[in-house]
Amino acid sequence: MKTSWRSASLVASAAAVLALTTACGQDGGAAGSQNVGATAAPGDVGDLGAGAGDGVGTGAEAGQASASAPEPAGKLSVSANADFGELVTDGAGRTLYRFDADTAEPPKTTCENDCASTWPPVAADDAIAGEGIDKDLLGEVTRPDGTKQLTIGGWPAYRYAKDTSPGDVKGQGVGKKWYALAADGKKAKAEPAAGLSTRNDPKLGEIVVDKNGMTVYRFMKDEAWPKPVSACTGACLEKWPVVAPVEANDTKGVEKKGLMSFTRPDGAAQQTIDCWPIYTFAGDKKAGDTNGQGVGGAWYAVKPDGKPVGAPKK
């Protein structure tokens with residue numbers, strides 16, 4: 001039996017401010033239902049006319065055997081990606097995708113044969129809603145071969161054979177038909193993340209992150225009133241880089257009150273939340289890390305209102 005790159009890829013996949021003008025402490029300026037549990041009867045999906053090499057068509061060939069049964073999903077979770085925002089990953093950390101040729105109302109899958117080798121369907125039977133996933137949005141659809149495929153917000157879920165490591169998102173935008181899944185079943189955002197936004201950390205709750213998804217911190221020796229003052233200078237800044245100014249309309253989920261920038265003694269501009277200077281931590285190596293939390297009893301992640309998470313009360 002002749003081996004194709006598609007089957008080889010499948011095996012690899014299976015193994016694997018503008019500153020606000022208001023003063024600190026003052027208020028700033030401006031600031032159809034889905035049938036996810038339904039199953040769709042197998043239908044004639046026809047030829048989508050796209051090259052099978054990109055996995056955007058059915059790639060059906062006469063006499064070709066069906067792809068193997070869907071792989072289990074495990075515990076689903078939401079992961080932050082610097083380029084595409086928040087997206088759904090399976091229990092092994094692999095990105096899940098949706099296909100524009102499918103439908104969500106009712107759920108229907110059109111990816112078979114060669115397509116299903118490049119884009120392996122995700123099994124529905126063991127899917128568990130983890131952190132950030134609404135279990136009510138999880139469902140299933142019956143594939144033409146009788147197997148059950150996971151749906152999220154009605155959309156059938158797939159993996160991409162060329163994603164060989166956890167966190168890979170190589171399938172985003174392939175053929176302008178394949179996109180990473182967001183937790184609500186919509187397409188993960190392709191536009192850059194906001195300069196400042198929030199994410200739900202499993203231990204710390206809702207905290208502020210920068211445009212790269214890196215955790216933002218406060219230094220308890222700083223001052224906010226009557227004006228921002230940073231106590232982190234010299235060598236301190238090597239471990240705790242300042243967050244550069246962010247325009248107010250380039251934030252998401254962060255309170256606008258006291259959202260401003262100030263000029264440090266060294267001439268650099270630094271962003272604040274609720275007038276408190278904010279930083280990232282050099283010890284955080286990837287988006288989602290919170291290694292700076294509680295360091296020296298003085299550094300803490302920041303809530304959307306600027307308050308420090310877990311800091312001892314004075």
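**Burial, salt bridges and strands in a predicted model**

Reader: I'm new to this one, so let me start with Asp305: is it buried, exposed or partly exposed?
Author: Asp305 counts as partly exposed, because its relative accessibility is 21%, where buried means under 20% relative accessible area, exposed means over 50%, and partly exposed is in between (1.4 Å probe, protein chains only). This is a predicted model, in which local features need pLDDT of at least 70 and side-chain atom pairs count only at pLDDT 80 or more, while totals for chains, interfaces and linings use all residues. Residues are numbered from 1 along each chain as its sequence is written, and side-chain values use heavy atoms, with hydrogens and water left out.

Reader: Ok, and which residue does Asp305 meet in a salt bridge?
Author: The partner is Lys307, and the N to O distance between the two side chains is 3.5 Å; a salt bridge here is a side-chain nitrogen of Lys or Arg within 4 Å of a carboxyl oxygen of Asp or Glu. Lys307 is partly exposed as well, with a relative accessibility of 45%.

Reader: How many salt bridges does the structure hold?
Author: There are nine salt bridges in the structure. As a general point, side chains of opposite charge can pair when their charged atoms come close.

Reader: Back to Arg159, then. How far apart are the closest N and O atoms in its salt bridge with Asp90?
Author: Those atoms are 2.6 Å apart in the salt bridge between Arg159 and Asp90. The pair links distant parts of the chain, since Arg159 sits in the loop between strand 9 and strand 10 (178-180), whereas Asp90 is in the loop between strand 2 and strand 3 (97-99), 69 residues away. Helices (H or I, at least four residues) and strands (E, at least two) are DSSP runs, numbered from the N terminus.

Reader: Is Arg159 buried or exposed? And Asp90, buried or exposed?
Author: Arg159 counts as buried because its relative accessibility is 1%. Asp90 is buried too, with a relative accessibility of 3%.

Reader: What does Arg98 pair with?
Author: The side chain of Arg98 meets that of Asp100 in a salt bridge, at 4.0 Å from N to O. Arg98 is buried at a relative accessible area of 8%, whereas Asp100 is partly exposed at 29%.

Reader: Changing topic: what order do the strands have in the open sheet of three?
Author: The order is 7-8-9, and the pairing is antiparallel. Strand 7 (138-142) and strand 9 (155-156) stand at the edges with a single partner strand each, so one side of each has no neighbour in the sheet. Two strands pair if DSSP finds at least two bridges between them.

Reader: How many bridges join strand 7 to strand 8?
Author: Five bridges join strand 7 to strand 8 (residues 148-152), and the two run antiparallel. Within strand 8, the residue standing opposite Glu140 is Leu150.

Reader: And how do strand 11 and strand 12 pair?
Author: Strand 11 and strand 12 pair in the antiparallel sense over six bridges, and a hairpin of three residues joins strand 11 to strand 12. Val209 in strand 12 has Ser197 standing opposite.

Reader: What is the phi of Asn113?
Author: Asn113 is not a glycine, yet its phi is positive, at about 50 degrees. Asn113 is placed in the loop between strand 5 and helix 2 (114-118) and counts as buried at 16% relative accessibility.

Reader: And where is Lys176?
Author: Lys176 is in the loop between strand 9 and strand 10. Its phi is near 55 degrees, a positive value in a residue other than glycine, and Lys176 counts as exposed because its relative accessibility is 68%.
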